[in-house]
Amino acid sequence: MLTANMLLVLSTNDLVMIEDLSFSANIGPDCWNRPRPQPLLLSVAIEANLEGAAYDDDVNQSINYGTLSKDLLALAGNQTFPDMQTLVEEAAKLSLSKLPPEEKGSVKVTLKAPKLLLQDAMLSLEISRIAGEPLEWGKRWNWMLHDWRVPVLIGLNPPEREAKQMLVLDVALHMNRSIEQEVCSVPELVSHLMKWIDTTSYLTLEKFAAEFCNEAMSQYPQTVSIVLKVSKPSAVLNARAACIQIYRTRK
């Protein structure tokens, strides 16, 4: 699974983190096209200087994650959001407000929507924002699809040409939208890709992965790059799965 949140531990800066804060909020239509609250998971990682709090053993010199959690829950519960993008941007703004005025830190926010898609997959949106930096709507949005299970006609052996096999896809889409471009609807993109997959037939994972990336990037010009991991659980008898991963950029 492509879990960008796990990469945070590699940061060389001090971080205050909240992982998978659970709540329900209205972020627009759900998988049944009904605008109502749905389960969400929110993670934040704020870059902050923790030396003073460590030296004096004083939480007042750090970011109080208890207070931050309560404020994020209040933010999510007190209003209706038109989409995931609005909620994640507001969460980033609130998180950065916890930094001292003189401190130019940053925040990474990840919002997961386990039930937003009718397809068997979890959708998440990740952004990074810097304190004092003007917001450009649609800039540097990282969308991810986790554990998307799709039936595909794929394989070299004769039995594999007779029945579809289950593949597991993990997809990361990096988007950088200009003002004149439409906002990408990832649920619509997933629906399109599901219909496209249903018409395909390939011998190798490599060909399937390359064509998937081409099809995904062709739908929205704001897609700058894509990372795709394809797992084939039935490929090797004594392994959980055989996998490939590719990275493609817009040419």
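Start with the aromatic rings: this predicted model holds 5 aromatic pairs. Rings of Phe, Tyr and Trp (its six-membered ring) pair if their centres lie within 6.5 Å; planes under 30 degrees apart count as stacked, over 60 as edge-to-face and the rest as tilted.

Select tryptophan 196 and phenylalanine 212. Their rings make an edge-to-face pair, with 6.3 Å from centre to centre and 65 degrees between the planes. Tryptophan 196 sits in helix α4 (residues 186-198) and phenylalanine 212 in helix α5 (residues 205-219), so the pair links parts of the chain 16 residues apart. Helices (H or I, at least four residues) and strands (E, at least two) are DSSP runs, numbered from the N terminus. Both tryptophan 196 and phenylalanine 212 are buried. Buried means under 20% relative accessible area, exposed over 50%, and partly exposed in between (1.4 Å probe, protein chains only).

Keep phenylalanine 208 selected and show what surrounds it. Apart from neighbours within four places in sequence, phenylalanine 208 contacts Val152, Ile154, Leu167, Leu169, Trp196, Ile197, Tyr202 and Val230; contact means heavy atoms within 4.5 Å. Phe208 also belongs to the largest nonpolar core, which has 68 residues. Trp148, Leu169, Phe208 and Phe212 touch the most other members of that core. A nonpolar core is a set of buried Ala, Val, Leu, Ile, Met, Phe, Trp, Tyr and Cys residues joined through side-chain atoms within 4.5 Å.

Next, go to alanine 121, in the loop between β3 (106-113) and β4 (122-130). Is alanine 121 buried or exposed? It is buried, because its relative accessible area is 8%. Beyond residues up to four places away in sequence, alanine 121 touches Pro114, Leu145, His146, Asp147 and Trp148. Draw a distance to valine 168: the two C-alpha atoms are 9.4 Å apart in space, and the residues are 47 apart in sequence.

Move to serine 69, in helix α2 (residues 65-77). Serine 69 has a relative accessible area of 15% and therefore counts as buried. Leaving out neighbours within four places, serine 69 is in contact with Ile18 and Leu21.

Cysteine 213 is at 0% relative accessibility, so it counts as buried. Cysteine 31, at 24%, is partly exposed. The structure holds 0 disulfides, a disulfide being a pair of cysteine sulfur atoms within 2.5 Å.

Zoom out to the whole chain. There are 5 helices and 9 strands, in the order β-β-α-α-α-β-β-β-β-α-β-α-β-β along the sequence. The C-alpha atoms fill a box of roughly 70 × 40 × 35 Å along the principal axes. Of the 251 residues, 45% are buried.

Finally, colour by pLDDT, the predictor's confidence in each residue, from 0 to 100. The chain has a mean of 87, and 90% of its residues reach 70 or more. Over residues 1-9 the pLDDT is below 50, though this stretch has 20 contacts in the model beyond near neighbours in sequence. Where pLDDT is low, the predicted coordinates should not be read in detail.

Residues are numbered from 1 along each chain as its sequence is written, and side-chain values use heavy atoms, with hydrogens and water left out. In this predicted model, local features need pLDDT of at least 70 and side-chain atom pairs count only at pLDDT 80 or more, while totals for chains, interfaces and linings use all residues.
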